[in-house]
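Here is a brief report on one structure.

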Amino acid sequence: MWSLWGGPGGSMAAKTCAKFGLDTVLVEREEYPNKPNSLGCLVDRRLCEYIKIDERFVDSVIRLIKVSSSDGTEIQMQEPKIGEISYVLNRKTFDREILKIALKEGTEYLNRTRAIGLIKEDGVIKEVKAKIEEREDLEIRSNIVIGADGVESKVGKWADLYKKSDISIDNMWGAS
Ligand SMILES: Cc1cc2nc3c(=O)[nH]c(=O)nc-3n(C[C@H](O)[C@H](O)[C@H](O)COP(=O)(O)OP(=O)(O)OC[C@H]3O[C@@H](n4cnc5c(N)ncnc54)[C@H](O)[C@@H]3O)c2cc1C
């Protein structure tokens, strides 16, 4: 019945739910989706084989990548062929435009509203507890909750989907 959290993942989920006729609420703790965790977002050129990048979101194009470590080691990525470039997207513009698409489909947007917990009934999630502007309590009944609250998702933990230790950087990158 509704979606939660307002980064690009949350906005896209909300857009899809609203488009298929579900009453959809998108909850975002900030004014707008995202104090972006990074101002720019690298989009690898291989992704561009599948999607077309909207030029409005492009901050810069990358033709060459050089990585330097503190011990002086430098790695230079092979210069891509012409036409094979990667992009840096402007996250602020990108996130706001995606939010607009979600709103256009009929999503209700609650900004400055922070989710603080889930309420279960007979082991099933039925309600989200939130705080509006850190003052007013809000409880939203919902049959479906989508936790799109970023890489260290609290929703996932509240829902017992994983423990914090499951999402360490080592695990993310597949290190032993
Ligand atoms: C330093 C850094 C650099 C990165 N660089 C890249 C890159 O170059 N290219 C790339 O593809 N990816 C990059 N990423 C990954 C990138 O963050 C994700 O691709 C993208 O942001 C994921 O979008 P999302 O919507 O899932 O989550 P997020 O963008 O994290 O959005 C989560 C949203 O939920 C909101 N929120 C969180 N908790 C609550 C709560 N309790 N109540 C209400 N709202 C809440 C936040 O305010 C935020 O708006 C990077 C990540 C980091 C940390």
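## A buried threonine

A residue counts as buried when its relative accessible area is under 20%. The model is predicted. T107 has 7% relative accessibility, so T107 counts as buried.

Where does T107 lie? T107 sits in the loop between α2 and β7, the latter spanning 108-110.

## What T107 reaches

Two backbone oxygens are partners of the T107 side chain. The backbone oxygen of A102 is 2.9 Å from a polar atom of that side chain. The backbone oxygen of A14 is reached by the T107 side chain at 3.5 Å.

Leaving aside residues up to four places away in sequence, T107 touches A14, K15, A18, T24, L26 and A102.

## Two helices side by side

Two packed helices are described by the angle between their axes and the distance between the axes. Helix α1 covers residues 8-19, and helix α2 covers residues 91-104. They pack at an angle of about 15°, and their axes are 8 Å apart. That angle is why α1 is roughly parallel to α2. The crossing of α1 past α2 is left-handed.

## The contact between them

Which residues of α1 and α2 make the contact? From α1 come P8, S11, M12, A14 and K15. From α2 come R91, F94, D95, I98, L99, I101 and A102. Sorted by class, the contact of α1 with α2 has eight nonpolar residues, three charged and one polar.

A14 and K15 of α1 and A102 of α2 belong to this contact. T107 touches A14, K15 and A102, among others.

Methods:
Residues are numbered from 1 along each chain as its sequence is written. This is a predicted model: local features need pLDDT of at least 70, side-chain atom pairs count only at pLDDT 80 or more; totals for chains, interfaces and linings use all residues. Side-chain values use heavy atoms; hydrogens and water are left out. Axes are lines fitted to C-alpha atoms, for helices over the stretch in contact, and angles run from 0 to 180 degrees between N-to-C directions. Helices (H or I, at least four residues) and strands (E, at least two) are DSSP runs, numbered from the N terminus. Angles under 35 degrees count as roughly parallel, over 145 as roughly antiparallel, 65 to 115 as roughly perpendicular and the rest as oblique. A crossing is left-handed if the near helix is turned anticlockwise from the far one by less than a right angle, and right-handed if clockwise. Contact means heavy atoms within 4.5 Å. Ala, Val, Leu, Ile, Met, Phe, Trp, Tyr, Cys and Pro count as nonpolar, Asp, Glu, Lys and Arg as charged, and the others, Gly among them, as polar. Buried means under 20% relative accessible area, exposed over 50%, partly exposed in between (1.4 Å probe, protein chains only). A polar contact is a pair of N or O atoms within 3.5 Å; within protein, one must be able to donate a hydrogen and the other to accept it, and residues adjacent in sequence count only if both atoms are side-chain atoms.
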